[in-house]
Amino acid sequence: MARTVVNMPAQAKRGEIIEIKTLAGHVMETGFRHTERGESIPRDIITQFVCTYNGTEIFRADLFPAIAANPLITFTTVATESGTLEFKWLGDKGFTASHSAQLTVA
Amino acid sequence: MTSRRHFLFLACGALSGAAQAQLPPDIGARRKAAADEALRKVTGGAELRTGKVKLDIPPLIDNGNAVPLTVTVDSPMTEKDHVRTIHVLTEKNPQPNVVSVHLGPRAGRANITTRVRLADTQTVTAIAQMSDGSFWVDRVPVVVTLSACLEDGLI
């Protein structure tokens with residue numbers, strides 16, 4: 001399981017817009033590079049990132065090889081209710097990583 | 001026995017041969033066709049209007065391997081009027097797509113940040129599709145001194 005980091009506030013007021021920063025440890029090998037012997041290095045990237053808020057999808061991103069290694073994705077959401085935010089990364093060669101965080105809405 | 005001079009001559013020949021083998025002569029035209037195709041796939045040939053979208057990226061980049069990039073779209077993000085998707089495309093990367101983001105009214109603000117790779121000095125394009133189906137665009141020219149993707153600098 002890859003290392004994942006999610007940075008977001010633990011508490012928020014109802015209706016407040018919170019910023020969520022996410023990072024997953026991954027080489028994001030482009031598939032366009034070659035070894036010293038001229039052999040092509042196969043592509044190995046994270047292709048999709050999904051965030052769900054109490055089971056409802058609120059954000060989704062399709063990633064391509066042009067995303068830098070250890071993809072950082074920052075986005076926002078409205079704090080509507082207390083609950084769990086689930087983060088999921090899917091990639092080549094069956095790569096999966098997930099993270100969950102609690103948000104308390106006052 | 002191979003002399004140093006002869007060895008260098010052979011090595012240079014082999015290297016230039018390899019470089020040519022990797023790069024088709026019409027690489028510029030191919031990249032352009034790929035970029036146009038990607039744009040057409042995103043918009044379906046719809047009209048692109050400027051404004052609303054703001055692509056924030058440094059104009060001069062030392063290292064193309066991790067370039068911070070922020071896209072902000074001016075939208076109230078309500079159920080009726082919100083940003084549906086944001087696409088970032090490049091002109092001269094080996095593959096034109098960079099990222100496609102799907103948002104909704106629950107995002108609150110249409111503001112995303114990520115880090116990208118840029119292979120060459122080129123124009124980066126951000127396209128936002130609104131909930132009414134309209135497309136808005138921002139294009140920013142950037143200068144890249146050290147390219148990503150092809151680390152031997154072959155563009």
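This is a predicted model: local features need pLDDT of at least 70, side-chain atom pairs count only at pLDDT 80 or more; totals for chains, interfaces and linings use all residues.
Chain B comprises two helices and nine strands. Read from the N terminus, the elements follow the order α-α-β-β-β-β-β-β-β-β-β. Of its 155 residues, 37% count as buried. Among the contacts in chain B that link residues at least 6 apart in sequence, 68% connect residues at least 24 apart.

At the interface between the chains, 29 residues of chain B are in contact with 24 residues of chain A. Strand S6 (97–102) and strand S7 (110–116) of chain B are the elements that contribute two or more residues to the side of chain B touching chain A. Classified by residue type, this side of chain B holds twelve nonpolar, twelve polar and five charged residues.

Strand S6 (residues 72–78) of chain A and S7(B) run antiparallel and are joined by two bridges. Within this pairing, Ile73(A) has Thr114(B) of S7(B) as its bridge partner. Both strands belong to an open sheet of six strands, ordered S1(A)-S3(A)-S6(A)-S7(B)-S4(B)-S2(B), in which the pairing is antiparallel. Its edge strands, each pairing on one side only, are strand S1 (4–7) of chain A and strand S2 (53–56) of chain B. From one strand to the next, the twist averages 15 degrees.

On the chain A side of the sheet, S1(A) pairs with strand S3 (residues 17–24) of chain A in the antiparallel sense over four bridges. There, Val6(A) lies opposite Thr22(A) of S3(A).

Methods: Residues are numbered from 1 along each chain as its sequence is written. Chains are lettered from A and ligands numbered from 1 in the order in which they are written. A residue is buried if 20 or more other C-beta atoms lie within 10 Å of its own, exposed if 12 or fewer, and partly exposed in between; C-beta atoms are placed from the backbone. Two residues are in contact if their C-beta atoms, placed from the backbone, lie within 7 Å. Ala, Val, Leu, Ile, Met, Phe, Trp, Tyr, Cys and Pro count as nonpolar, Asp, Glu, Lys and Arg as charged, and the others, Gly among them, as polar. Two strands pair if DSSP finds at least two bridges between them. Axes are lines fitted to C-alpha atoms, for helices over the stretch in contact, and angles run from 0 to 180 degrees between N-to-C directions.
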